[in-house]
Amino acid sequence: MHKLLVLYPEPTDRAAFIDYYTTTHLPLAKQLPGMLSWSYSVDITADEDGNSPYFAIFEAEFPDKGTFASAMASPVGQDVAADVGNYATGGATIVDFALSGGEES
């Protein structure tokens with residue numbers, strides 16, 4: 001399995017981020033070819049002081065790195081990447097990785 005993780009720091013306007021993200025970006029991202037599953041949250045748990053380095057998170061799963069790379073190189077993948085600047089005013093940290101181990105519940 002290959003995972004994509006996108007971490008979003010605090011945006012300039014939370015409501016605008018959520019609106020654009022849920023109505024425009026996610027419907028586009030759901031079209032990534034070969035993606036097996038995806039999930040997101042805008043409810044990140046803060047530390048005991050109420051701080052969190054991230055406001056939102058997105059996670060997607062692909063069968064392997066080749067499928068992920070092809071998805072991101074596709075026209076949809078290029079549109080997804082180009083769209084990030086339209087809502088992520090705080091930027092985004094993007095990490096992709098192969099799973100090394102773990103267990104399913």
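Tutor: Rings of Phe, Tyr and Trp (its six-membered ring) pair if their centres lie within 6.5 Å; planes under 30 degrees apart are stacked, over 60 edge-to-face, and the rest tilted. By that rule Tyr8, Phe17, Tyr20, Tyr21, Trp38, Tyr40, Phe55, Phe58 and Tyr87 form one aromatic cluster. The model is predicted: local features need pLDDT of at least 70 and side-chain atom pairs pLDDT 80 or more, while totals for chains, interfaces and linings use all residues. Residues are numbered from 1 along each chain as its sequence is written, and side-chain values use heavy atoms, with hydrogens and water left out.

Student: How many aromatic pairs does the structure hold?

Tutor: The structure holds 12 of them.

Student: Why is the pair of Tyr8 and Tyr87 called tilted?

Tutor: The ring centres of Tyr8 and Tyr87 are 5.7 Å apart, which is within the limit of 6.5 Å for a pair. Their planes stand at 55°, so the pair is neither stacked nor edge-to-face, and tilted is the class that remains. Tyr8 is in strand β1 and Tyr87 is in the loop between α3 and β4, 79 residues apart. Helices (H or I, at least four residues) and strands (E, at least two) are DSSP runs, numbered from the N terminus.

Student: What makes Tyr21 and Tyr87 a pair, and which class is it?

Tutor: Their rings are 5.4 Å apart centre to centre with 50° between the planes, and the pair is again tilted. Tyr21 lies in helix α1 (residues 14-29) and Tyr87 in the loop between α3 and β4, so this pair ties together parts that are 66 residues apart in sequence.

Student: Are Tyr21 and Tyr87 buried or exposed?

Tutor: Both Tyr21 and Tyr87 are buried, and Tyr8 is buried too. Buried means under 20% relative accessible area, exposed over 50%, and partly exposed in between (1.4 Å probe, protein chains only).

Student: Why is Ser100 put in its class, and where is Ser100?

Tutor: Ser100 has a relative accessible area of 81%, which is over 50%, so Ser100 is exposed. Ser100 is in the segment after β4 (93-98). The C-alpha atoms of Ser100 and His2 are separated by 9.5 Å, although the two residues are 98 residues apart along the chain.

Student: How do you know which class Val42 belongs to?

Tutor: The relative accessible area of Val42 is 30%, which falls between 20% and 50%, so Val42 is partly exposed. Val42 is in the loop between β2 and β3. Leaving aside residues up to four places away in sequence, Val42 touches Phe17, Ile18, Phe55 and Ala56; contact means heavy atoms within 4.5 Å. The C-alpha atoms of Val42 and Ile18 are separated by 7.8 Å.

Student: What makes strand β1 largely enclosed?

Tutor: Seven of the seven residues of β1 (residues 2-8) are buried, so the rest of the structure largely encloses the strand. His2, Leu4, Val6 and Tyr8 are buried on one side, and Lys3, Leu5 and Leu7 on the other. For β3, five of its seven residues are buried.

Student: How do you know which strands pair with β1?

Tutor: Two strands pair if DSSP finds at least two bridges between them. β1 and β3 (residues 56-62) have seven bridges, in the antiparallel sense, and β1 and β4 have six, also antiparallel. In β3, Lys3 stands opposite Glu61, and Leu5 has Glu59 as its bridge partner. On the β4 side, His2 is the partner of Ala98.

Student: Why are β2 and β4 said to stand at the edges?

Tutor: The sheet is open, with four strands in the order β2-β3-β1-β4. β2 (37-41) and β4 each have a single partner strand, so one side of each is left without a neighbour in the sheet. The twist averages 10° from one strand to the next. Five bridges join β2 to β3, where Ser41 is partnered by Ile57.

Student: Why are α2 and α3 called roughly perpendicular?

Tutor: The axes of α2 (residues 65-73) and α3 (residues 75-83) come within 4 Å and cross at roughly 70°. Angles under 35 degrees are roughly parallel, over 145 roughly antiparallel, 65 to 115 roughly perpendicular and the rest oblique. The value falls in the 65 to 115 range, and α2 and α3 are therefore roughly perpendicular to each other. Ala71, Met72 and Ala73 in α2 meet Pro75, Gly77 and Gln78 in α3.

Terms used. Axes are lines fitted to C-alpha atoms, for helices over the stretch in contact, and angles run from 0 to 180 degrees between N-to-C directions.
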